[in-house]
Amino acid sequence: MAHQITLIPGDGIGPEVTDAAVEVINASGVDVDWDVQHAGKAVIDTDGSPMPGRVIESIRRNKVALKGPVTTPVGYGFRSVNVTLRTELDLYALLRPCRHYPGVRTRHPGTDLVVVRENTEDLYAGVEFEAFSVENQKLRDYLRFFRGYHLTPDTGITVKPISLSATRRIVRFAFEYSKREGRKKVTVGHKANIMKFSDGPFVQIAREIAQEFPEIDFDEMQLDELAFWLVSDPQEMDVLLLPNLYGDIISDLCAGLIGGLGVAPGVNLGDTAAVFEPTHGSAPDIAGKGLANPAGILLSGVMMLRHIGEHEAANRIESSIAAVFFSGEHLTGDLGGSAGTADFTRAVIARI
Ligand code: NAI
């Protein structure tokens, strides 16, 4: 029976790379019935929202989605489609494996680490108070009256909520994932010295749950130190456990360690749904030119096939991508080659 999977093409380079993923997965012989759902700025006029209910419903129904990137305007406009999706479906874990494949240029060959990012809280929760607004003034009055903090009226405020329950959930997820995948070490990144009531409990809970997993080493690092070690000696890192914002920044850094944003896959996971998507964004600078590297979404597709039990096809596609990287003949511009999206995709299909 065909797998029912929601496909969100996204915008910018999204449609180009999702087309490539569909071609490759179809060529592997896996039977998929793609439920195509458009989202983003382009559907606001027709659907009244960049993330219409029908998209969420489709994912709830199918439980699995493959998604291209969607543009979020900076500083104004609608709430990020990605944040909405993660919140509505309670996709609390963002898993981003960063493995270097031979043939992809990097200063750090042999890097093979995984970022586990909490996906629902932190400065991404959208609890914001605009400078000069009435709500902002009430909050500043409260802070002055009860805590003695003097914030000027031109101060915008974003709140960083980190709950014990969401932290326990992501920490447990990170350790269970590490155990299942045979990973050796979990390193938690934090700034608990400065943010005692948000990062503090995050580290404390990680310490406690680590004791239930004696077979996995546990380490904790201040985020700045972690950044230093990642660019110096990433081969020493295994699973990185991070709150939302640090996880976002560190994932892109880790993508840089293995060859760039074009090759980094990922998945947003909850208890009832999984949305697979590359780490990169909509890349407006190269959109529509056929230049985008589809490897990030293809490797996300490989993760997706494993998730739905299609291990053999997943292994074939991954080997084929690895072979194309290794040959160096069909690399896209971001990897130093001159091939386009279609050339890379054809080369992968030819080796499946
Ligand atoms: P970006 O990842 O789109 O681009 C950063 C740089 O990497 C650009 O130079 C781009 O050309 C290059 N790049 C990215 N993916 C590539 C690929 N597959 N092949 C070759 N080169 C690639 O990041 P940026 O510019 O910060 O974000 C653009 C938009 O995407 C923003 O609106 C942002 O909010 C959105 N975004 C969406 C995401 C999602 O839907 N999951 C994730 C990240 C960003």
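Reader: Which residues touch the most other members of the largest nonpolar core?

Author: The model is a predicted one. Its largest nonpolar core holds 82 residues, and helix H10 (residues 295-307) gives the most to this core, with eight residues. The core draws at least three residues from each of domain 1 (1-91 + 268-352) and domain 2 (107-121 + 162-257). The residues that touch the most other members are Leu240, Leu241 and Phe325.

Reader: Not counting residues up to four places away in sequence, what does Phe325 touch?

Author: Phe325 belongs to the largest nonpolar core. In soluble globular proteins, nonpolar side chains tend to be buried together. With residues up to four places away in sequence left out, Phe325 touches Tyr101, Pro102, Gly103, Val104, Val263, Ala295, Leu331, Leu335 and Phe344.

Reader: How many residues make up the other core, which includes Ala65 and Val70?

Author: This core lies apart from the largest one. Val81 and Val275 are also among its members. Its residues number 14.

Reader: Within what arc do the buried residues of helix H12 fall, seen down its axis?

Author: In H12 (residues 341-351), the buried residues are Thr341, Phe344, Thr345, Ala347 and Val348. On the other side of the helix, Arg346 and Ala350 are exposed. The buried residues line one face of H12, because they fall within an arc of 160°.

Reader: Against which helices do the buried residues of H12 pack?

Author: Phe344 is one of the buried residues of H12, and Phe344 is also touched by Phe325. The buried residues of H12 pack against helix H1 (14-27), H10 and helix H11 (311-327).

Reader: Is the aromatic pair of Tyr142 and Phe146 stacked or tilted?

Author: The structure holds nine aromatic pairs. In the pair of Tyr142 and Phe146, the ring centres are 4.6 Å apart and the planes stand at 40°. Planes under 30 degrees apart would count as stacked and those over 60 as edge-to-face, so the pair of Tyr142 and Phe146 is tilted.

Reader: How many residues apart are Tyr142 and Phe146?

Author: Both residues lie in helix H5 (residues 134-147), about one turn of the helix apart. An α-helix has 3.6 residues a turn, so residues three or four places apart point the same way. Tyr142 is partly exposed at 45% relative accessibility, while Phe146 is exposed at 54%.

Reader: Are Phe175 and Phe213 buried or exposed?

Author: Their ring centres are 5.3 Å apart and their planes at 25°, so the pair is stacked. The pair links distant parts of the chain, with Phe175 in helix H6 (residues 164-180) and Phe213 in the loop between helix H7 (199-210) and strand S9 (217-222). Relative accessibility is 0% for Phe175 and 6% for Phe213. Since buried means under 20%, Phe175 and Phe213 both count as buried.

Reader: Which ring does Arg117 lie over?

Author: Elsewhere, ring pairs link Tyr92, Phe173 and Tyr177 into a cluster. Arg117 lies over the face of a ring, at 5.1 Å from the ring centre. That ring belongs to Tyr124.

Reader: How far apart in space are Ser178 and Val114, C-alpha to C-alpha?

Author: Ser178 lies in helix H6 and counts as buried, at 0% relative accessibility. Leaving aside neighbours within four places in sequence, Ser178 is in contact with Arg183, Val186, Ile216 and Val239. Ser178 and Val114 are 64 residues apart in sequence, and their C-alpha separation in space is 9.3 Å.

Conventions:
Residues are numbered from 1 along each chain as its sequence is written. This is a predicted model: local features need pLDDT of at least 70, side-chain atom pairs count only at pLDDT 80 or more; totals for chains, interfaces and linings use all residues. Side-chain values use heavy atoms; hydrogens and water are left out. Rings of Phe, Tyr and Trp (its six-membered ring) pair if their centres lie within 6.5 Å; planes under 30 degrees apart count as stacked, over 60 as edge-to-face and the rest as tilted. Helices (H or I, at least four residues) and strands (E, at least two) are DSSP runs, numbered from the N terminus. Buried means under 20% relative accessible area, exposed over 50%, partly exposed in between (1.4 Å probe, protein chains only). A charge sits over a ring if NZ of Lys or CZ of Arg is within 6 Å of the ring centre and within 35 degrees of the ring normal. A nonpolar core is a set of buried Ala, Val, Leu, Ile, Met, Phe, Trp, Tyr and Cys residues joined through side-chain atoms within 4.5 Å. Domain bounds come from an automatic or database domain assignment. Contact means heavy atoms within 4.5 Å. The arc is that of the directions from the helix axis to the C-beta atoms.
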